[in-house]
Amino acid sequence: MAEFQRICLAHYHEIGLKGHNRASFERRLLKNLEALLRDDKFPVVTIHRIAGRLCVFLKEGTDWDTARACAEVIGKVPGVARVSCGYKCPRDLGLMTEAARIAMGEAGEFETWRVAARRNHTDFPTTSMEMNQLIGGALHELFPDKTVRMKHPDLTVGVEVVQNAAYVYAFSHRGIGGLPVGSSGRLVCLLSSGIDSPVALWKVARRGATCVGVHFSGRPQTSDASEYLVDDIAHVLEETGCIARVYVVPLGDCQREIALAVPPALRVIMYRRLMFKVAERLAEREGAKALVTGESLGQVASQTLDNMVCTDDAVTMPIFRPLIGSDKLDIIDDAQRLGTFDISSQDAPDCCTLFMPRSPETHAQLADVRAAEAPLPIAQWIDELVESAEIHDYRCPSYSRKKAPR
């Protein structure tokens, strides 16, 4: 049996639609994959751009389970639309057929199949259609109990012939798509230990944003349990380079002062206005251009349209709400897909549950909010909270600490 080098092919879709700057997106995705696959558990030799793909070359002797585990990580990296496990082999029809046979044997159970061959360089004499016929015919003899189906088969055998090699694969699975992290600027995301905000951060990371989180803890008025959950969430996001840093801000004492001075119905809005102001200051420090929250319209009392207007008024920076039109079941599905749902489902006291009024205002008026806030030492609190913020850094290939203005 011939020995072929194992590879993982990272296919992308949206990047391929870019114009003259397509190469910069490809380079960003390549650098992200290089950094994220650097661990000892991933036997990566090198990563190259080939014919509209990124090819991850694995070390000699890499087994199928390791290759598949590597492919599963690649598929979770923003920018990757699909990932395939297969082999690199010489441009020889017999060897390509042998590589396809091995790949089909590893791909799992299937009943129907087809060959999808593509010739990227005309210096190879056999056309794409001829390769489909010749390789397909040979494989049909090797798998006589399986049925060839050209539309919607269980398994598609990919054969891509490039300038100096062929890449053959049979196992593929869908990636999360989007754009590479680091291709769309920097954002600061309000990050709680709940279900919604990690999903919101993940969604903007999939659009290419480098994300910095800000977690407002109820400490010292509550325990620091939420901080540990946020750290666990950040480690999940870190696996695919979706988070660079988290600022932990102890908000409890300020919330206590607000609770003593502000009408109960307006407390939640005041808390959020202060959070936005602190997050905006940290965003300026980080060189970020906008804030991100996990709010969904009408989901809770603080997320009505009137209340959002009142909280947005606290800052001049744009506020993005990726979940604004999502219902809770949609968000839970995304959290499970992301891998943060079980962490977020754990109960922990945080600033969101601290000094909550019995009947919060659902249709606040901006004039009333401004009047209630006017006597408070907001500027002093912002300075104190920003200075007390604790920094936790995570692995994010696109994040440069040197370039962030202080």
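A polar contact is a pair of N or O atoms within 3.5 Å; within protein, one atom must be able to donate a hydrogen and the other to accept it. I note at the outset that the model I consulted is predicted.

**Entry 1: helix 2**

I looked first at the start of helix 2. Asp 63 caps the N-terminal end of this helix, with a side-chain oxygen 3.4 Å from the backbone nitrogen of Asp 65. I then checked the length of helix 2, which runs over residues 64-75 and has 12 residues. From its first C-alpha to its last it reaches 16 Å, close to the 16 Å expected at 1.5 Å a residue. I also listed the buried residues of helix 2, and they are Trp 64, Ala 67, Cys 70, Ala 71, Val 73, Ile 74 and Gly 75.

**Entry 2: helix 10**

Asp 327 caps the N-terminal end of helix 10, and here a side-chain oxygen lies 3.1 Å from the backbone nitrogen of Leu 329. Which residues of helix 10 are buried? In this helix, residues 328-338, I found Ile 331, Asp 334, Ala 335 and Leu 338 to be buried. Seen down the axis of helix 10, these buried residues fall within an arc of 100°, so they line one face of the helix. I recalled the general rule that an α-helix has 3.6 residues a turn, so residues three or four places apart point the same way. I then looked up what covers the buried residues of helix 10, and the cover includes helix 5 (196-206), helix 6 (225-238) and helix 11 (341-344). Just after helix 10, Gly 339 takes a positive phi of about 100°.

**Entry 3: annotated positions**

Arg 272 is found in helix 8, residues 267-286. Is Arg 272 buried or exposed? Its relative accessibility is 14%, and the cut-off for buried is under 20%, so I recorded Arg 272 as buried. Beyond residues up to four places away in sequence, Arg 272 touches Thr 293, Glu 295, Ser 302 and Thr 311.

Gln 303 has its place in the loop between strand 12 (291-292) and helix 9 (305-312). Gln 303 is buried, with a relative accessible area of 9%. With residues up to four places away in sequence left out, Gln 303 touches Glu 295, Ser 296, Leu 297, Gly 298 and Met 308.

**Entry 4: Arg 53**

I located Arg 53 in strand 3, residues 53-58. This arginine is buried, at a relative accessible area of 15%.

**Entry 5: nonpolar cores**

I finished with the cores. The largest nonpolar core has 77 residues, of which Leu 274 and Val 278 touch the most other members. Helix 8 gives the most to this core, with 10 residues. A second, separate core of 53 residues includes Phe 4, Leu 30, Ile 47 and Val 83. Lastly, I looked up the contacts of Val 278: residues up to four places away in sequence not counted, Val 278 touches Phe 216, Val 249, Ile 382, Leu 385 and Val 386.

Technical notes:
Residues numbered from 1 in each chain as written. Predicted model: local features only at pLDDT ≥ 70, side-chain atom pairs only at ≥ 80, totals over all residues. Heavy atoms only, no water. Helix = DSSP H or I, 4+ residues; strand = E, 2+ residues; numbered from the N terminus. Expected span 1.5 Å × (residues − 1). Buried < 20%, exposed > 50% of the residue type's maximum accessible area, 1.4 Å probe, protein only. Contact = heavy atoms within 4.5 Å. Core = buried A, V, L, I, M, F, W, Y, C linked by side-chain atoms within 4.5 Å. Arc of directions from axis to C-beta.
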